[in-house]
Amino acid sequence: MELNILWFWIIAVMFIGYFILDGFDFGVGMSLPFLGKDDTDRRVLINSIGPVWDLNETWVIVAGASLFAAFPEWYATMFSGFYLALLVILLALIVRGVSFEYRHQRPESEWKKWFDGMIVVGSAIPALLWGVAFANVVQGVQLDAGHNYTGTFFDLLNPYALLGGVTTLLLFFTHGVVFVSLKTDGDIRVRARKLATQAGLVTIVVAASFLLWTVLAFGSLFTAVFAAAAAVALIGSFLLNLRGSEGWAFTLMAATIGLAVLTLFASLFPDVMPASNDAANSLTIDNASSTPYTLQVMTWTAVIAAPVIFLYQGWTYWVLRKRVSRSNIEAAAL
């Protein structure tokens, strides 16, 4: 396999990792108004991701850096054309991170209420806009001969892209609520399972619509296999949640997100940024990639560093695997 093709799929894997890991963080953040009956409940929810949310977020940094190094033309076109949407995502992530750190600094309920609201908004906006951005990449955008985006911000808010955004929003929300049921105990765990069932029904309909549209408009038989597998995994997660098999329900939700992202990348291949106005202006794996030497250096670096990163993150989750309950929070407050 040529190195530029290899790195296309490595970047796909990095975004899969990011959407799976930060995806349930977004979902937990968005669940605060639904599962947080009081401040103790909200602290349980926040503490369920407290030790790992910033670690999960680093995946997007690695993915972005790899995209810049392996496909600089793709990086330049996407980040310049989508700069407003990506800036909003960045600001939302900053707001969310600040809120996690500052909500407990003062005891007043009004203080915490403001930061809780910012956690919800800072989780929902990226969950929506990442789907909008990736759907536009797959669908194609207006590019000139120099691979510069010539459309407007509002051109990005088309029906297919908006459906993609709603799909990621719902997938991440359901993923996060299933994580809450896996990570907490007591009444909040029961309510999370019920909410995951309700959200799961809507998510199945919306995600199936988006994947079907993707396959019919931009896909192939190869793409259809990934989309069908994603649909099966999502339905399986829904059924397992009904049975109370929280670990397997969470695993299949992660598989759903991974397979959905693979569907998008498979629909995109061998382009990396299709031009909707003229196919000759499209960015492909060949004309957007770095030099073979750069890709060789990146490959050896990845071979050495990736196992260490995976082992460290796996060890972190294993150490922090215990459930969080109201009694833990109440005991810590004494």
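Q: Over residues 247-269, how far apart are the end C-alpha atoms?
A: This is a predicted model, in which local features need pLDDT of at least 70 and side-chain atom pairs count only at pLDDT 80 or more, while totals for chains, interfaces and linings use all residues. Residues are numbered from 1 along each chain as its sequence is written, and side-chain values use heavy atoms, with hydrogens and water left out. The UniProt annotation "transmembrane region", from an unreviewed entry, includes residues 247-269, and such annotations may be inferred rather than shown by experiment. The chain there is 96% helix and 0% strand, with helices taken as DSSP runs (H or I, at least four residues) and strands as runs of E of at least two, and the end C-alpha atoms are apart by 33 Å.

Q: Which class of aromatic pair do W130 and F134 form?
A: Rings of Phe, Tyr and Trp (its six-membered ring) pair if their centres lie within 6.5 Å, and planes under 30 degrees apart count as stacked, over 60 as edge-to-face and the rest as tilted. In helix α7 (residues 109-139), W130 and F134 are 4 residues apart, and therefore separated by about one helical turn. Because their ring centres are 6.3 Å apart and their planes stand at 50 degrees, the pair is tilted.

Q: Is W130 buried or exposed?
A: Buried means under 20% relative accessible area, exposed over 50%, and partly exposed in between, with a 1.4 Å probe and protein chains only. The relative accessibility of W130 is 9%, so this residue counts as buried.

Q: Which residue lies over the face of W318?
A: A charge sits over a ring if NZ of Lys or CZ of Arg is within 6 Å of the ring centre and within 35 degrees of the ring normal. At 3.8 Å from the ring centre of W318, the residue that lies over the face is R321.

Q: How many charged residues are in the lining of the largest cavity?
A: On a 1 Å grid over the protein atoms alone, a cavity is a set of points where a 1.4 Å probe fits but cannot get out, and lining residues have an atom within 4 Å of a point. The largest cavity holds about 170 Å³ of space, and T168, L171, A260, V261 and L264 are the closest to its centre of the 17 residues that line it. Ala, Val, Leu, Ile, Met, Phe, Trp, Tyr, Cys and Pro count as nonpolar, Asp, Glu, Lys and Arg as charged, and the others, Gly among them, as polar. By class, the lining has 12 nonpolar residues, 5 polar residues and, as for charged residues, none.

Key. On a 1 Å grid over the protein atoms alone, a cavity is a set of points where a 1.4 Å probe fits but cannot get out, and a pocket is an open set with protein on both sides within 12 Å along at least five of seven lines; lining residues have an atom within 4 Å of a point. Grid points are joined across faces, edges and corners, and a volume is the space filled by probe spheres set on the points.
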